[in-house]
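Please read the following note with the sequence and the structure at hand.

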Amino acid sequence: MRRRNHYGYGAYRGKSKLRTFLKFVIAVLAVVLVLLVGAFFFLQRYMVVSSSGGIYFDLPFLNREEESAPPDDTEETPPLVVVSPTPEPTPEETPEPDPVYTRAVSLPDSLIAGGGVQNLYATGGEALTAYTGGSDASPILTMKGIDGLLGYTSSQTIAQSVGASSGDTARNGDLTTLCSAMDTAAYVSCFRDNTAPYQNNQLALRTSIGNWRGPGEIRWMTPENSDVRAYLAGVCGELAQLGFDEIILDYAAFPTEGDLSLILTGDRYNPDTFSQTVDAFYQQVRQAIGTGENAPVLSIVTDKTTLEQGTNALSGQTLASLCSVADRLYVKLDGGDPADYYPALREAGMENPEEDLVVILDQAPTGDLPYSWAVLPE
């Protein structure tokens, strides 16, 4: 019979320590098993079977350091060699060539008439000395003067019909010989002509009582007449065939001096068409003398008004037209500085006005001048 304590409870029996420990171990193993199973399924995609049959895991988070490391180049990079470029030689500056100025003096017809051309050629140009002031000026020969007479034998119909052609049958051959020996220029007084209008009134500028006359009582042919323009262009073409290096057109527009109010207006003198008529004439002359390498230089005499204002309403000349067709312009400046007109000439299309603007002088200068000059027939 058991004895109870005085409180009425039985004696205490504690739990087994071994049993508790086993429960703890089982719980830990269960957790580890769960983790292993989860790890197996998680790591299964990273499992790699090597060629020798071994198994290993290729974990990307363990290879980040290797991936971020720069590749180990087995080849040694050759040292960078910097080659300094060989400096190019500095080109030497080509000095601007000195201008080639025109120097030309008109010779009187008496010097070349009656075999004088041959004498001029035979002396090697020594006969020019008295007319050039001792300079090396080229001769200007009057091939059509204001009197309307020609300095050579022409085949032009008007020249023959009005008696303007030269009767010296040897003149053309002499001129060709001279032109082949030295630089020569042919002077042509175009519409200012005292012979053709007198012989054929249909060619003349007219007044109410007869032919109009300008200064010096010299008659004028009308630029409006197509036969007149064709005649003058034909003369220039013949001079080019003779071998002249330059052809100088003077009075190659409508008159600007004299009592112009006396001229009858109409189909012979129409101020509304002056510019078109003059431009067409220049183009006709250019076509007659040619444009090739062997063509003569075409020079046209103009005035200060055209240079300063770009046009002259009385003559019909325009600076733009002159510069488009002429190689040189001749002008009388009466002591003015030719350099003042160079900008306007360049703007109008003249490439080299320092050389191609020729100042008309009354006589050959005694000293050298820094521009082109010429002495034309009186």
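1. Which residue just after H9 takes a positive phi? Glycine 243 does, with a phi of about 110 degrees. Please bear in mind throughout that the model is predicted.

2. Helix H9 itself covers residues 226–242. At 1.5 Å a residue, its 17 residues should span 24 Å, and the end C-alpha atoms are 25 Å apart, which agrees. Of these 17 residues, 13 are buried, so H9 is largely enclosed by the rest of the structure. The N-terminal end of H9 is capped by asparagine 225, with a side-chain oxygen 2.8 Å from the backbone nitrogen of aspartate 227.

3. Helix H7 spans residues 171–181, and Arg171, Asp174, Leu175, Leu178 and Cys179 are buried in it. Viewed down the axis of H7, the buried residues fall within an arc of 135 degrees, so they line one face of the helix. Arginine 171, at a relative accessible area of 6%, also forms a salt bridge with aspartate 168, the closest N and O atoms being 3.7 Å apart. Aspartate 168 is partly exposed, at 26%.

4. The count of salt bridges comes to eight. One of them joins arginine 103 to aspartate 368, with the closest N and O atoms 2.8 Å apart. Arginine 103 lies in strand S3 and aspartate 368 in the loop between strands S9 and S10, so the pair ties together parts that are 265 residues apart in sequence. Arginine 103 is buried, with a relative accessible area of 12%, whereas aspartate 368 is exposed, at 66%.

Definitions and conventions:
Residues numbered from 1 in each chain as written. Predicted model: local features only at pLDDT ≥ 70, side-chain atom pairs only at ≥ 80, totals over all residues. Heavy atoms only, no water. Buried < 20%, exposed > 50% of the residue type's maximum accessible area, 1.4 Å probe, protein only. Helix = DSSP H or I, 4+ residues; strand = E, 2+ residues; numbered from the N terminus. Arc of directions from axis to C-beta. Expected span 1.5 Å × (residues − 1). Polar contact = N/O pair within 3.5 Å; in protein donor to acceptor, adjacent residues only side chain to side chain. Salt bridge = Lys/Arg side-chain N within 4 Å of Asp/Glu carboxyl O.
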